[in-house]
Amino acid sequence: MNAALIIDASYFVAAFLFIYGLKRMSSPVTARSGIVVAGWGMVVAVVASFLYTLDVNEAARPHLTTNIVLAAIALGVGLGWAWWSGKKVAMTAMPQMVALYNGMGGGAAAAIAAIELYGYKTHGHIVLTLAVLGGLIGSVSLSGSLIAWAKLDGRIEKTLRLAGLQLINGTFLAVTAGLGAWIIYNGGQVGALEITIFFAMALVYGVMMTMPIGGADMPVVISLYNAFTGLAVGFEGYVINNPALMIAGMVVGSAGTLLTLLMAKAMNRSVSNVLFSNFGAAGDEQQGEIKGSMKPVDAGDAGINMRYAQKVIIAPGYGLAVAQAQHKLYEFVKILQANDVDVKFAIHPVAGRMPGHMNVLLAEAGVPYDIIYDMEDINGEFKEADVAIVIGANDTVNPAARTNKSSPIYGMPILNVDHAKQVYVVKRGQGKGYSGVENELFFADNTNMVYGDAQKVMVSMIQAVKSLDGGH
C-alpha cells in the first residue's frame, strides 16, 4: 500500500470521526464520548500529515527534516499548553477558553494562507480567491476572538462607541477586501509589503468589528467567529488539497452558523443587530418607571417554604457559575426530593455565557439529565409550580421582554418564572443584567429577593431545612 493511499484512507477515517463525534455531542448523555471520538479524529489527521514525508525525494529531505522538527516542537508546545490550561480552567472561564481556542483555529487558517501567498505559488484564480478569503476571514476570527476573550475575562471593560463608527468599519473592510482583490487580480504575484498590509488590515478590522459589541452579545459573537474559523479552514483545505481540513471546516462552519442563528433567535434579534447595534445603550430611559418594590427575605425562610412545596422549578444563570454553587444547589435539591418535592431545572438557550454552559455546570455537580429541561419544554409548567427560584439569572427571566414594548429586550423569549405562585431570586445585589435593563420580576408582588452569594445562600437553605427535619 503506497503512502498516498494510506493518507487518503486516514483522512476518510478522520472525517468520519469528526462527523460522528459532532453527532454524539448533540446530547448531554453522549457529549463527553463525542468529544473523545472527535479528538481521536484529530489525532488520525495529524499523524496522516506526517506521512507526506514518505513521498519526498532525497534532495528535499534536509529541508523536510527541519520542518518535521519544527512541527514536532509546535505540537509539543500546543499539547502541553492545552492540557495544562484545560485542567486548570474554571467552569466560569470556559467561554473565554472557547473564544481563545477558536481564535487559534482562525489564526492557523490565516497562517496557511500567508504561506501560500508569501510563497508566490502559482494558483488558478479560484484557488487563489479561496486562499485570500481564508486569510481574511481567519485573521478577523483571530483578532476578534481575542477581543471577545478579553471582554469576557474582564480584561477589556469598555465598549467602543463612536459617531460614524459603522461607516469607518465599513470603509476599512472595503479597503481590505479591495487589496485582497488586487492580490487575486495579479495572480498572487505582488510584493511582500502588499500581502503584509492585507493581513495587518484584516487583523485590525477584527478588533474594530468586535470592540463596539457589548458583553451581553459576546456569546453570539464567539459563535459567529466559530463559524468564520470553520469557513476559513475549509477554504484553506481546498487550497492545499487536504480533505480532512475541507470536511472539518465545513462541519465547524455549518455548526457555528446554525448555533449563531439559534442564539440570535433566542434573543429575538438578528445577527446584524448584534453586530451593528448598541444593545442596552438606551437602558432605563426607554423603560419607564417600575411599580412595586423589592422585598428581601431570609434564605432560611425561603428554603423552608420550598421544603413544603409540591413543585419547585429552578432557573439557573451565570451567577450560579460565578459562585460555584452548583454542588450545594444539588445537595439542596436532593433534600427536597427526599421530602417528595418535584424539582426541575429550566434552562434558557442563552443562560450563562454560551449555549450549554448551564447544562455542563449542572452535569459537573451530578444533576441527572432527566430533571433538566430546555425553555420550550418547561415554560408551560411554571404556572403549576408552587415556587420558582432564580439563581444568578437576570435578562432571561425579565417579564419586560413579554409585556413592555418600550423595553430594549422586548420580544426576547424568556423563562416564565413570574407565572409561579411564589418566586425567589437569589442575587448578590440590586444590579442590572448585561443589557442594562431593570428587571420587572424583582418588583412583582409574588417575588422575594434573597440577597447574598449563591453558595452561602444554598448553605443557609440546607441548614434551615435540615434543622427542621431534625438534622437529617
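Colleague: Let me start with one helix: about how many helical turns separate Tyr 225 and Phe 228 in α8?

Modeller: About one helical turn, because Tyr 225 and Phe 228 are three residues apart in helix α8 (residues 218–239). Helices (H or I, at least four residues) and strands (E, at least two) are DSSP runs numbered from the N terminus. This is a predicted model, with pLDDT of at least 70 needed for local features and 80 or more for side-chain atom pairs, while totals for chains, interfaces and linings use all residues. Residues are numbered from 1 along each chain as its sequence is written, and side-chain values use heavy atoms, leaving out hydrogens and water.

Colleague: Is Tyr 225 buried or exposed?

Modeller: Tyr 225 is buried, with a relative accessible area of 1%. Phe 228 is partly exposed, at 23%. Buried means under 20% relative accessible area, exposed over 50%, and partly exposed in between, with a 1.4 Å probe and protein chains only.

Colleague: How do I read a pair of aromatic rings, and how many aromatic pairs does a search of the whole structure find?

Modeller: A ring pair is described by the distance of the centres and the angle of the planes. The search finds five aromatic pairs here. In one of them, the rings of Trp 182 and Tyr 185 have centres 6.2 Å apart and planes at 25 degrees, so the pair is stacked. Rings of Phe, Tyr and Trp (its six-membered ring) pair if their centres lie within 6.5 Å; planes under 30 degrees apart count as stacked, over 60 as edge-to-face and the rest as tilted. Trp 182 and Tyr 185 are three residues apart in helix α6 (residues 165–185), so about one helical turn separates them. Trp 182 counts as partly exposed at 44% relative accessibility, and Tyr 185 counts as exposed at 65%.

Colleague: Now helix packing. At roughly what angle do the axes of α1 and α9 cross?

Modeller: Two packed helices are described by the angle between their axes and the distance between the axes. Helix α1 (residues 3–24) and helix α9 (residues 243–266) have axes that come within 8 Å and cross at roughly 15 degrees. That makes α1 roughly parallel to α9. Angles under 35 degrees count as roughly parallel, over 145 as roughly antiparallel, 65 to 115 as roughly perpendicular and the rest as oblique. On the α1 side the contact includes Tyr 11 and Phe 18, and on the α9 side it includes Pro 243 and Ile 247. Contact means heavy atoms within 4.5 Å. The residues of the contact of α1 with α9 are 11 nonpolar, no polar and no charged.

Colleague: And how do α4 and α5 cross?

Modeller: The axes of α4 and helix α5 (residues 125–152) come within 7 Å and cross at roughly 155 degrees. That makes α4 roughly antiparallel to α5. Among the residues that meet are Gly 103, Gly 106 and Gly 107 in α4, and Gly 135, Gly 138 and Ser 139 in α5. The contact of α4 with α5 divides into 14 nonpolar, 10 polar and no charged residues.

Colleague: Which residues of α14 are buried?

Modeller: In helix α14 (residues 357–364), they are His 357, Met 358, Asn 359, Leu 361 and Leu 362. What covers them includes α4 (94–118), α13 (326–338) and β2 (342–347). Just after α14, Gly 366 takes a positive phi of about 90 degrees.

Colleague: Finally, how many helices and strands does the protein chain have?

Modeller: The protein chain has 17 helices and six strands. Its C-alpha atoms fill a box of roughly 85 × 55 × 30 Å along the principal axes. Of the 472 residues, 49% are buried.

Notes:
Axes fitted to C-alpha atoms, helices over the stretch in contact; angles between N-to-C directions. Nonpolar A, V, L, I, M, F, W, Y, C, P; charged D, E, K, R; others polar.
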